[in-house]
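Welcome! Take a look at the sequence and the structure below, and then we can walk through them together.

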Amino acid sequence: MIKINENYQKLQASYLFSNIAKRVSAFQQANPDKKLIKLGIGDVTRALPDACVKAFHAAVDEMANDATFHGYGPEQGYDFLREAIAKNDFQARGAQVDADEVFVSDGAKCDSGNFQEIFSTDITVAIPDPVYPVYVDTNVMAGRSGNWNEELGRYENLVYLDGNRENGFIPELPEQQVDLIYLCFPNNPTGSMATREQLKQWVDYARANKSLILYDAAYEAFVQDEDLPRSIYEVEGAREVAIEFRSFSKTAGFTGTRCAYTVVPKSCMAYTEAGEAVSVHSLWNRRHTTKFNSVSYPVQRAAEAVYSSEGQAQIKELIAYYLNNAKYIREKMEALGYECIGGVNSPYIWIDGKTDSWAFFDRLLNEAGVVCTPGAGFGKCGEGYIRISAFNSFENVTEAMERISKIL
Ligand SMILES: *Cc1c(COP(=O)(O)O)cnc(C)c1O
């Protein structure tokens with residue numbers, strides 16, 4: 001008899017996006033003439049940078065010719081891309097990362113979901129609340145949680161790191177010992193951004209406790225403030241205890257093109273039952289090369305073009321465009337008397353709705369025809385908040401804010 005992995009039975013159905021879709025379609029049926037403005041989902045809306053498109057086309061042409069055709073590439077990614085990443089994203093900012101510590105992949109979602117595989121199932125996992133759901137669900141699937149506790153609105157046996165108004169949605173260190181720690185800055189969904197000093201506390205904690213930090217920096221390109229860290233490796237000691245996930249998705253509009261990477265420093269260690277240190281780099285290399293055959297050659301060439309001088313200028317313009325939307329949304333919401341987090345150094349604005357998340361969502365939908373995301377969908381600590389995304393055209397953003405200003 002074929003048996004299932006029963007951990008999957010513990011998973012809570014994610015009602016968030018299906019529930020949003022249901023309410024949106026009901027609204028559209030009732031108001032067929034009303035134009036909806038969607039500021040809900042975390043997907044980019046603008047085209048790929050021209051430098052990437054050109055490199056993409058040229059690489060496709062190479063594939064059309066026997067003499068320049070590429071079959072399987074190295075599982076970890078082509079050297080041209082790994083080297084461009086190490087040099088431009090890290091070494092140029094004073095962070096020590098070598099090209100062979102970079103693993104190219106088809107997404108930070110898969111990498112941040114898969115990385116836990118190389119660790120024991122009986123470790124203690126700390127997860128922020130509110131959270132990008134991938135971190136929670138993949139640990140539930142692996143059997144690191146207990147059952148869902150309806151009363152708590154949380155899984156048993158996971159350590160939740162609460163975000164709230166008091167800590168500005170930058171979680172504090174846990175009181176108990178934890179082994180694997182998920183952090184995401186700039187944060188999705190809250191738009192909060194940790195300082196170097198705040199990250200240093202986590203790095204020090206991890207070093208003292210032989211823990212490991214999985215640092216999701218998918219929104220790194222939105223950090224504009226020069227004093228803020230773009231990488232956890234700008235923090236002293238992080239090379240011993242931190243893995244960093246990056247993606248071209250939000251940086252360069254690659255959500256539909258697919259290219260990302262994970263940095264695994266050779267100095268990161270994890271331990272056997274007997275306490276013997278094992279290189280996390282060699283474990284991940286084994287896992288990655290066994291289960292993954294890398295990203296297509298044209299996509300890696302398109303990603304490489306992000307680091308050309310035209311590519312850099314074009315992504316700066318893209319990011320500035322979304323950040324201008326974000327600033328506009330935040331200023332309008334604040335002028336209406338709402339407390340906001342994010343919207344600077346982040347494409348997300350996290351708004352205290354002063355009522356429950358779904359009630360506020362419904363009000364914006366039904367009275368203004370604007371779709372946002374209810375904070376409660378990202379965890380218990382998100383209740384009372386909504387997330388507005390800056391990924392849309394400036395015209396739509398200004399119209400949305402005009403409509404919202406009329407009803408609030
Ligand atoms: C969008 C996003 C990613 C990027 O995922 P890809 O699979 O690379 O497209 C990773 N982490 C968070 C928190 C995100 O919001």
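## The largest pocket

The lining of the largest pocket is made up of 22 nonpolar, 13 polar and 11 charged residues. In this count, Ala, Val, Leu, Ile, Met, Phe, Trp, Tyr, Cys and Pro are nonpolar, Asp, Glu, Lys and Arg are charged, and the others, Gly among them, are polar. Please keep in mind that this is a predicted model, in which local features need pLDDT of at least 70 and side-chain atom pairs count only at pLDDT 80 or more, while totals for chains, interfaces and linings use all residues. Residues are numbered from 1 along each chain as its sequence is written, and side-chain values use heavy atoms, with hydrogens and water left out.

The pocket has a volume of about 1400 Å³, that is, the space filled by probe spheres set on grid points joined across faces, edges and corners. Of the 46 lining residues, Ser14, Leu16, Pro133, Gly377 and Phe378 lie nearest the centre of the pocket. On a 1 Å grid over the protein atoms alone, a pocket is an open set of points with protein on both sides within 12 Å along at least five of seven lines, a cavity is a set where a 1.4 Å probe fits but cannot get out, and lining residues have an atom within 4 Å of a point. At least two lining residues come from each of α2 (16–30), α5, α6 (134–141), β5 (154–155) and α9, and α6 gives the most, with 5 residues. Helices (H or I, at least four residues) and strands (E, at least two) are DSSP runs numbered from the N terminus.

## The ligand and its shell

Where does the ligand sit? The ligand is in the largest pocket, which means that more than half of its atoms lie within 2 Å of the pocket's grid points. Of the 14 residues around the ligand (a heavy atom within 4 Å), Asp216, Tyr219, Ser247, Ser249 and Lys250 come nearest. By class, this shell has 6 nonpolar, 4 polar and 4 charged residues. Both α5 (108–114) and α9 (248–252) supply at least two residues of the shell.

Now for the contacts. A nitrogen atom of the ligand is 2.7 Å from an N or O atom in the side chain of Asp216. An oxygen atom of the ligand is 3.4 Å from an N or O atom in the side chain of Lys250, and a polar side-chain atom of Arg258 lies 2.7 Å from an oxygen atom of the ligand. Taken alone, the ligand exposes 390 Å², and the protein buries 93% of that (Shrake-Rupley method, 1.4 Å probe).

## A cavity

A search of the whole structure finds 1 cavity of 30 Å³ or more. About 40 Å³ of space lies in the largest cavity, and its lining includes Pro128, Leu161, Phe169 and Asn187. That lining has 5 nonpolar, 3 polar and 1 charged residues.

## Backbone details

Most residues other than glycine have a negative phi, and most peptide bonds are trans. Arg258, in the loop between α9 and β10 (260–263), has a positive phi of about 75° although it is not a glycine. The peptide bond from Phe185 to Pro186 is cis, with omega near -10°, and another cis bond joins Asn188 and Pro189, with omega about 15°. Pro186 is found in the loop between β7 (180–184) and α7 (196–209), and Pro189 is found in the loop between β7 and α7 as well.

Notes:
A polar contact is a pair of N or O atoms within 3.5 Å; within protein, one must be able to donate a hydrogen and the other to accept it, and residues adjacent in sequence count only if both atoms are side-chain atoms.
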